[in-house]
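Hello,

Here is the structure we talked about passing on. Please look it over first, and then read the notes below it.

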Amino acid sequence: MEPGYGGGDADPRGARRPARRRARGAGALYWAIGAAALALVVLVWNVRTAEDDSGVSGVAAHSTTAPDPAASSGADADEAPVRPAGEQALLANPLYETGRLAPLPCPAPELEARDPASMERFLDAVADCLDETWQTQFERAGIPFDPPSRVFWTEPGTSPCRAYPSTAGAFYCRASKSIYIGTADVVDKWNGAEDSVVYASLLAHEYGHHVQGESGLLDYYHEQRRHEPDAGAQNVWTRKSELQANCLAGAFLGSVAVSYPLAEADRETIREDAAATADRQGSTEAERTHGSAANSVLWIEHGMERQDPGSCNTWNVDAGLVQ
Ligand SMILES: [Zn+2]
């Protein structure tokens with residue numbers, strides 16, 4: 001989903017299209033590691049050396065309305081860690097230099113998708129893993145980090161970005177630094193999918209938007225997008241943000257694969273889900289906010305393989321990779 005600050009700024013992604021589902025047998029969460037299945041050697045380009053930064057145009061002043069005082073000047077007397085700002089937050093964020101995510105244990109419980117209490121337990125367990133993983137990574141980068149709030153809702157409500165339920169299966173709202181997922185609603189929106197990995201992937205994607213926010217790049221991204229003349233030009237920015245969130249989600253899923261094992265069938269489910277939540281073929285430029293199915297899959301796979309936020313710099317790659 002698109003991260004929003006508030007008002008009508010956010011642009012929800014619709015629910016997943018119907019796709020064939022793979023039921024996961026009881027106990028499957030604890031499969032032994034299928035290391036031999038990792039023959040995903042297709043993604044061998046190096047985004048760090050890509051030459052084309054098309055779509056990233058001009059150097060504008062950093063927004064001075066950033067909510068976090070640490071982002072303002074860098075001249076704080078107490079020398080608190082400073083959040084990156086401006087174009088450098090996108091293109092050369094210190095988070096990109098932090099290497100692979102630490103492979104922390106993530107013993108997620110089994111999920112009974114149609115039981116909202118089970119879904120809440122599952123999401124909380126994965127969110128705990130995400131908190132720990134990204135806290136560690138931000139410490140390495142020397143950037144301040146607070147975990148997002150979790151709104152795993154059962155009753156309708158409102159956020160600074162939008163009311164829920166909405167067309168979005170899940171969303172991140174920067175104004176409240178919160179991730180919103182309805183514990184029954186999300187299952188409906190995902191057509192009753194039973195495989196827990198699709199919900200882990202969705203949560204990790206929304207968390208990716210929080211990572212973007214905490215690393216300072218959402219401020220600059222929103223500012224730049226706002227200046228574009230039409231939806232098509234805005235979506236050039238939006239797709240880079242969404243595909244980066246896919247990659248960050250993949251990096252997390254790859255990093256916890258030791259304790260939250262991903263068999264080849266799970267990886268295939270992740271790929272199918274990434275394709276199903278991408279832009280539909282034949283969409284107009286004004287509708288294309290999440291990237292082609294091929295690019296959506298490519299970035300989450302790339303993240304899973306590299307497990308490194310530095311591999312997720314969608315702001316500085318060939319234009320064809322963020323279409
Ligand atoms: Zn998103």
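Asn191 sits in the loop between helix H3 (185-189) and helix H4 (196-214). Its phi is positive, near 55 degrees, and it is a residue other than glycine. Please keep in mind throughout that this is a predicted model.

Lys177 is a second case of this kind. It is not a glycine, yet its phi is positive, at about 50 degrees. You will find Lys177 in the loop between E4 and strand E5 (178-182). Lys177 is also partly exposed, because it has 17 other C-beta atoms within 10 Å, and that count falls between the limits for exposed and buried.

The reason to point these residues out is simple: most residues other than glycine have a negative phi, and most peptide bonds are trans. The peptide bond that joins Tyr164 and Pro165 is cis, with omega about 5 degrees. Pro165 belongs to the loop between strand E3 (163-164) and strand E4 (171-173).

Now the overall layout. The protein has 323 residues, and 47% of them count as buried. It contains eight helices and five strands. Read from the N terminus, the order of elements is α-α-β-β-β-β-β-α-α-α-α-α-α. Among contacts with a separation of 6 or more, 77% are between residues 24 or more positions apart.

Last, one helix pair. Two packed helices are described by the angle between their axes and the distance between the axes. For helix H5 (residues 217-226) and helix H6 (residues 231-255), the angle is about 160 degrees and the axes are 8 Å apart. That makes H5 roughly antiparallel to H6, because an angle over 145 degrees counts as such. The crossing of H5 with H6 is left-handed.

Which residues of H5 and H6 meet? From H5 they are Tyr221, Gln224 and Arg225, and from H6 they are Gln234, Trp237, Thr238 and Ser241. Sorted by class, this contact of H5 with H6 has two nonpolar, four polar and one charged residues.

Regards

Technical notes: Residues are numbered from 1 along each chain as its sequence is written. This is a predicted model: local features need pLDDT of at least 70, side-chain atom pairs count only at pLDDT 80 or more; totals for chains, interfaces and linings use all residues. Axes are lines fitted to C-alpha atoms, for helices over the stretch in contact, and angles run from 0 to 180 degrees between N-to-C directions. Helices (H or I, at least four residues) and strands (E, at least two) are DSSP runs, numbered from the N terminus. Angles under 35 degrees count as roughly parallel, over 145 as roughly antiparallel, 65 to 115 as roughly perpendicular and the rest as oblique. A crossing is left-handed if the near helix is turned anticlockwise from the far one by less than a right angle, and right-handed if clockwise. Two residues are in contact if their C-beta atoms, placed from the backbone, lie within 7 Å. Ala, Val, Leu, Ile, Met, Phe, Trp, Tyr, Cys and Pro count as nonpolar, Asp, Glu, Lys and Arg as charged, and the others, Gly among them, as polar. A residue is buried if 20 or more other C-beta atoms lie within 10 Å of its own, exposed if 12 or fewer, and partly exposed in between; C-beta atoms are placed from the backbone.
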